[in-house]
Amino acid sequence: MTSWRRHGYAVIVSAVALLVVPIVADVIASGPARLFAYVAADTFYYLVVARHTGEGVVAFDGGHPSNGFHPLWQALVSIPYLLGLLGGPSIADLAYTLVLSLLCISTAVLLLGLALRRDDGSLNPLFAALPVGAYALIVSPAWLTLSPQALREQNLLEGSEPLFGTLWSYANGMETPLVLLAFALIFWAWRADFPHRRPAVFGLCLAFLTLARLDHLFVAGAIYAVIAWRQRWWRNSELLRSGVILTGSFALPVLVYLVMNALFFGSIVPVSGELKSTFPSPTIQNARTAAHVVASFFGAPRPPIFDFWRIFQLAVPGMAALLAPVLLRRDRAFLLATSFGVLTLASYNFLFVETYGQGHWYMPLGTLLVSLIALDVSDHWLADVRPARVAVIVAMALVLGSAFFLRLHRHADYHARFSQFFFEEAPLVRARFAGHPPKLLEFDDGIVSWATGFDAMSAWGPGLDAEGAAAFKRGNLFEIADQRGFNHATSLVYFGAAALTETSSPEEISKWARSVSAVRPLAAWRLRIVYRSKSTDFAIVEFAR
């Protein structure tokens, strides 16, 4: 018995090591610039809001309160800014988010391991490979069939994309690690019979998952529904009391968050969610993208890799969720509830969130579900494996997992453009505007505002306040930006200014500006270049009446 328990803990430790050691070794060996490869582009939204939170206002632009973020992760990221430990743009910002991400995911792996242990304390040895995961193994041919050069050419804006869906890719400075932690806590609490023994704690766990990433209310709600059905709270007064406590502890924190949104931000749900969702009108964009992906399997031209992973992260978990009732053996009720929640979330994203509005962090529980189902299925075959063979399986998982990391996750040029801008270009930009920093309308995801320290409005929309979002929908964001003094437009990633120089004519600048959808009409504005990089296509354009 003791030996089996020891090997169960050893498998968990091995999984945590496979998660943490490659990332830490990569950053140490590669230097600080490598930190940019682990944060998502949208991470800079969180960092800019955190900086302004430390200055006294919860806003992306530094003056107009905004709620385009998931609240719990924003709160955690903001702590060192509130304490005065972080302030201006610093590589320490990225180090903090990476360490925080690894702590959350490592704790999630620990809790998942404890929840999945067998009655004798042992654990499926394949759990050691969880950082890679079954989902990543399924979709890996999409990456393996591309040469390094071809993969690089797929996304010249951000560099060669890692294989998204591994736990390494979720150490991304976004809310994803907190989502994984919240779900793992729920799974562990389920196995410990918290829904019956400690309903208030379990309800808070469900609220934790919802507030970690708001669209995961679908998953939390599915788990809640299964508990209500299994316990049949209506049968007697004691069960009814338990149901009321669990329901209240789940619903109350979420309701408080919604009320605070309405009071402080003027929008019950985050502005970013309102702008990205087409609900109740379905979008056909995902269906078209899926059709192109499927057609490529039958000889049609291959879509870019970023089309593949956006469809895969919906389709593969969705298929696994549909097959779950047939495949599952242990933990059937919990994983079936999770499957229903994942299927509902995937369906919502497919129908109401346009393809390129979905980041690789949208379905972390979906990709994790594929691994959990695979572990459940294989557990039947590996239940009686001797400790010596367990050690061999774990060792093989560590070796193959490390090879997977080097081949499919670690790409040296990923987000190199971001690090180059921070270390080389941003100091020049600050020097150019020394003492008179411009207010920017930024057509990026916060990288320029974060790296320069300049205030910026979010031209894409996620960081806007309610009034700004309304102007964005009307198509007159330029007007409200100008009224607020944000009269400089820029883009590091999405709209390069390769054709422009500091002496470009208004007509040439207008041609660049017309590529930016929100910059219309142009006839009323005088445009001029006020900064042009000497080494890249980055520029800042002033617009005035």
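This is a short talk on a few local features of one predicted model.

Okay, let's start with helix 10. It runs over residues 199-212, which gives it 14 residues. From first C-alpha to last it reaches 20 Å, close to the 20 Å expected at 1.5 Å a residue. How many of its 14 residues are buried? Eleven, so by that count helix 10 is mostly covered, given that buried means under 20% relative accessible area. The buried set includes Phe 202, Leu 206, Phe 208, Leu 209 and Leu 211. You'll also find Gly 203, Cys 205 and Thr 210 among them. And what do these buried residues pack against? The list is helix 3 (71-82), helix 8 (176-191), helix 9 (194-197), helix 11 (217-231), helix 12 (237-265) and helix 17 (364-379).

Next up is helix 11. The 15 residues of helix 11 should span 21 Å at 1.5 Å a residue, and the end C-alpha atoms are 21 Å apart, which agrees. Its buried residues are Val 219, Ala 220, Ala 222, Ile 223, Ile 227, Ala 228 and Gln 231. If you look at the spacing of those numbers, keep the usual helix geometry in mind. An α-helix has 3.6 residues a turn, so residues three or four places apart point the same way. The cover over the buried residues of helix 11 includes helix 8, helix 9, helix 10, helix 12, helix 16 (332-352) and helix 17.

Arg 232 sits in the loop between helix 11 and helix 12, and with a relative accessible area of 29% it is partly exposed.

There's another one of these at His 415, which isn't a glycine but has a positive phi of about 60°. His 415 is in the loop between helix 18 (387-409) and helix 19 (416-432). Is it buried or exposed? His 415 is buried, at a relative accessible area of 0%.

Pro 280 is in the loop between helix 13 (271-276) and helix 14 (285-296).

Now, charges. Side chains of opposite charge can pair when their charged atoms come close. In this model the count comes to eleven salt bridges. I'll show you three of them.

One is Arg 34 with Asp 26, where the closest N and O atoms are 2.7 Å apart. Both ends are out of the solvent by our cut-off: Arg 34 is buried at 7% relative accessible area, and Asp 26 is buried at 4%.

Another is Arg 484 with Asp 61, at 3.9 Å from N to O. This pair links distant parts of the chain, 423 residues apart. Arg 484 is in the loop between helix 22 (477-483) and strand 3 (488-490), while Asp 61 is in the loop between helix 2 (43-54) and helix 3. Arg 484 is buried at 15%, and Asp 61 is buried at 5%.

Then there's Glu 175 with Arg 213, at 2.5 Å from N to O. Here the partners are 38 residues apart: Glu 175 is in the loop between helix 7 (148-154) and helix 8, and Arg 213 is in the loop between helix 10 and helix 11. Glu 175 counts as buried at 1% relative accessibility, and so does Arg 213 at 4%. Going back to Arg 484 and Asp 61 for a second, salt bridges that share partners join those two with Asp 465 and Glu 467 into one network.

The nearest side chain of opposite charge is Arg 310, 5.5 Å away. Why doesn't that pair count as a salt bridge? Because the cut-off is within 4 Å, and Arg 310 is 5.5 Å from Asp 307. Setting aside neighbours within four places in sequence, Asp 307 is in contact with Thr 289, Val 293 and Tyr 356.

Last stop, the surface. Leu 252, Val 256, Val 259, Met 260, Leu 263 and Phe 264 make a nonpolar patch of about 630 Å². Met 260, for one, is in helix 12, and it is partly exposed, with a relative accessible area of 44%.

That's my tour, thanks.

Methods:
Residues are numbered from 1 along each chain as its sequence is written. This is a predicted model: local features need pLDDT of at least 70, side-chain atom pairs count only at pLDDT 80 or more; totals for chains, interfaces and linings use all residues. Side-chain values use heavy atoms; hydrogens and water are left out. Buried means under 20% relative accessible area, exposed over 50%, partly exposed in between (1.4 Å probe, protein chains only). Lys and Arg count as positive and Asp and Glu as negative; His and the chain ends are not counted. Contact means heavy atoms within 4.5 Å. Helices (H or I, at least four residues) and strands (E, at least two) are DSSP runs, numbered from the N terminus. The expected span of a helix is 1.5 Å times one less than its number of residues. Patches are made of residues with over 30% relative accessible area and no salt bridge: like charges are joined within 9 Å, nonpolar side chains (Val, Leu, Ile, Met, Phe, Trp, Tyr) within 5 Å. Accessible areas come from the Shrake-Rupley method with a 1.4 Å probe; for residues, only the protein chains shown count as cover.
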